Amino acid sequence: MSIFSLKPDPVVGIDISSTAVKLLELSRSNKGIKVESYGMEYLPEKAIQDKNIVDIEVVGNVINRLVTRAKPRSQYAAVAVAGPTVITKTITMDAGLSENDIKEQIEMSPAQYLGQSENSEEIEFDYQVIGPNDKDESRVDVLLVASHSETLNAYITALEMANLKVKVVDIEKYALENAFITLAQSMPEIDEGDTVALIEVGATITSLRVLGEQKGEPKVIYTGEDLMFGGNQLTEQIQARYDLSYEETNLAKRNNDLPDDYFKTILEPFKIDVAAQIKLMVEHYYKHSDYGKLSHILMAGGCASIPKLVDHVKDKVDGHVMTINPFSAMSIATRVSNHALMNDAPALMIAYGLAHRTFDKY
Ligand SMILES: Nc1ncnc2c1ncn2[C@@H]1O[C@H](COP(=O)(O)OP(=O)(O)OP(=O)(O)O)[C@@H](O)[C@H]1O
Ligand SMILES: [Mg+2]
């Protein structure tokens with residue numbers, strides 16, 4: 001099993017996040033990029049924990065339902081792993097080594113390179129030569145990625161339940177960064193060399209990343225510490241007030257299908273809270289980085305779909321604040337619900353990054 005897979009077959013992106021499974025399939029022609037299929041199904045609480053599939057049966061059934069509805073063309077999937085059982089590390093090796101030597105050396109004892117005492121039979125690993133080391137020309141940087149076999153097997157089994165074959169296993173963090181870089185480069189509002197923030201407010205985590213230029217290349221130059229804060233806090237309040245299940249609440253939030261008093265007494269204070277958290281994260285960036293002023297602040301994650309959240313954020317931070325939409329320049333197949341896709345768009349950064357792997361050239 002290769003973590004950075006090398007197969008040219010088209011793939012459908014399957015993002016198994018903590019609240020939902022999101023399916024996205026893209027194609028490219030001379031008319032540009034097109035959304036071929038899309039769908040999202042909410043997961044029951046605790047099916048995923050710490051970014052790991054806990055209940056394979058439940059997750060597999062949800063993916064199966066999703067695939068039946070969305071009908072992707074491809075039967076090959078790109079998925080992303082994350083969480084404490086996934087390790088990435090950059091090591092340096094002698095620049096004189098051939099690809100084969102590198103492979104052999106790592107294969108002999110991957111656990112040692114990863115600084116793990118583990119039995120290497122229980123870990124799946126892969127690596128990619130990044131390029132010459134900055135400080136020492138006689139060395140090359142090699143990115144090493146490892147995951148427990150059990151973690152990967154859970155993905156493979158759950159996808160098999162929906163007749164999908166795992167072709168690409170990405171690292172969630174890289175899928176998100178790649179999506180961010182590709183989108184920022186394609187946005188007419190953003191100029192080359194601009195310093196741009198991506199703030200993701202999901203269900204459990206709020207994160208901040210900053211894109212800048214390094215040696216003329218766009219790069220994520222700052223990653224803030226993840227905040228354990230997100231839409232789940234809002235979900236809990238709704239559940240307590242209106243006696244709804246976790247899934248019912250997520251659906252109601254997405255469809256704005258809640259009693260009138262909700263908007264003023266629960267949603268409004270939550271928006272103020274989100275904006276305050278973002279203000280702190282941005283201040284932390286300015287304090288600890290010398291990359292300077294953020295020209296644009298892009299809002300992503302499911303909570304970015306909350307109406308007028310952007311206005312609250314605008315009041316708290318400088319820079320041009322906007323909600324990200326990976327599909328603004330794409331055409332959309334007629335069988336895809338445009339309304340659902342636009343509503344969910346900010347929560348689809350990872351799905352977009354994974355679906356984009358279909359254009360990888362090897
Ligand atoms: N239209 C909407 N209005 C309000 N809240 C929404 C909307 N769509 C999604 N959400 C909320 O956003 C959250 C899900 O966001 P997202 O899909 O980015 O999270 P995730 O990737 O599942 O979780 P994590 O934070 O662990 O990465 C949920 O709390 C959900 O209820
Ligand atoms: Mg997420």
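Which residue in S6 does Gly13 stand opposite? I looked this up and found Ala78 in S6.

**Entry 1. Conventions.** I noted that this is a predicted model, in which local features need pLDDT of at least 70, side-chain atom pairs count only at pLDDT 80 or more, and totals for chains, interfaces and linings use all residues. Residues are numbered from 1 along each chain as its sequence is written, while chains are lettered from A and ligands numbered from 1 in the order in which they are written.

**Entry 2. The whole chain.** I found 11 helices and 16 strands in the chain. Helices (H or I, at least four residues) and strands (E, at least two) are DSSP runs, numbered from the N terminus. I then checked the radius of gyration, which is taken over C-alpha atoms; the globule rule is 2.2 Å times the number of residues to the power 0.38. For 362 residues a compact globule would have a value near 21 Å, and the chain agrees because its own value is 21 Å. The C-alpha trace spans about 65 × 50 × 45 Å along its principal axes.

I next looked at burial. A residue is buried if 20 or more other C-beta atoms lie within 10 Å of its own, exposed if 12 or fewer, and partly exposed in between, with C-beta atoms placed from the backbone. By this count, 38% of the 362 residues of the chain are buried. For contacts, the C-beta atoms of two residues, placed from the backbone, must lie within 7 Å. Of the contacts between residues at least 6 apart in sequence, 71% join residues at least 24 apart.

**Entry 3. Strand S1 and its sheet.** I turned to strand S1, residues 12–16. Five of its five residues are buried, so S1 is largely enclosed by the rest of the structure. Val12, Ile14 and Ile16 point one way from S1, and Gly13 and Asp15 point the other way.

Strands of a sheet pair through backbone hydrogen bonds, either parallel or antiparallel. S1 runs parallel to strand S6 (residues 76–81), with three bridges between them, and Val12 stands opposite Ala77 in S6. With strand S2 (residues 20–29), S1 pairs in the antiparallel sense over four bridges. There Ile16 has Val21 as its bridge partner, and a hairpin of three residues joins S1 to S2.

S6 is mostly covered, with five of its six residues buried. S6 also pairs with strand S10 (residues 165–171), parallel and over six bridges, and Ala80 stands opposite Asp170 in S10.

**Entry 4. The nonpolar core.** Which residues have the most contacts inside the largest nonpolar core? I found Ile14, Ile63 and Val79, in a core of 86 residues. Such a core is a set of buried Ala, Val, Leu, Ile, Met, Phe, Trp, Tyr and Cys residues joined through C-beta atoms within 7 Å. Leaving aside neighbours within four places in sequence, Ile63 is in contact with Ile14, Val21, Ala158, Leu159, Met161 and Ala162.

**Entry 5. Two loop residues.** I located Ser18 in the loop between S1 and S2. Ser18 counts as buried because it has 20 C-beta neighbours inside 10 Å. Beyond four places in sequence, Ser18 is in contact with Ile48, Ala203 and Thr204.

Thr204 lies in the loop between strand S11 (196–201) and strand S12 (206–214). Is Thr204 buried or partly exposed? Thr204 is partly exposed, because 19 other C-beta atoms lie within 10 Å. Not counting residues up to four places away in sequence, Thr204 touches Ser18, Met228, Gly230 and Asn232.

**Entry 6. Around ligand 1.** Finally I examined the 22 residues around ligand 1, of which Ser17, Gly202, Gly231, Gly302 and Ser305 come nearest. A residue is near a molecule if its C-beta atom, placed from the backbone, lies within 6 Å of it. Helix H6 (231–242) and helix H7 (246–254) each supply at least two residues of this shell.

Definitions and conventions:
Two strands pair if DSSP finds at least two bridges between them.
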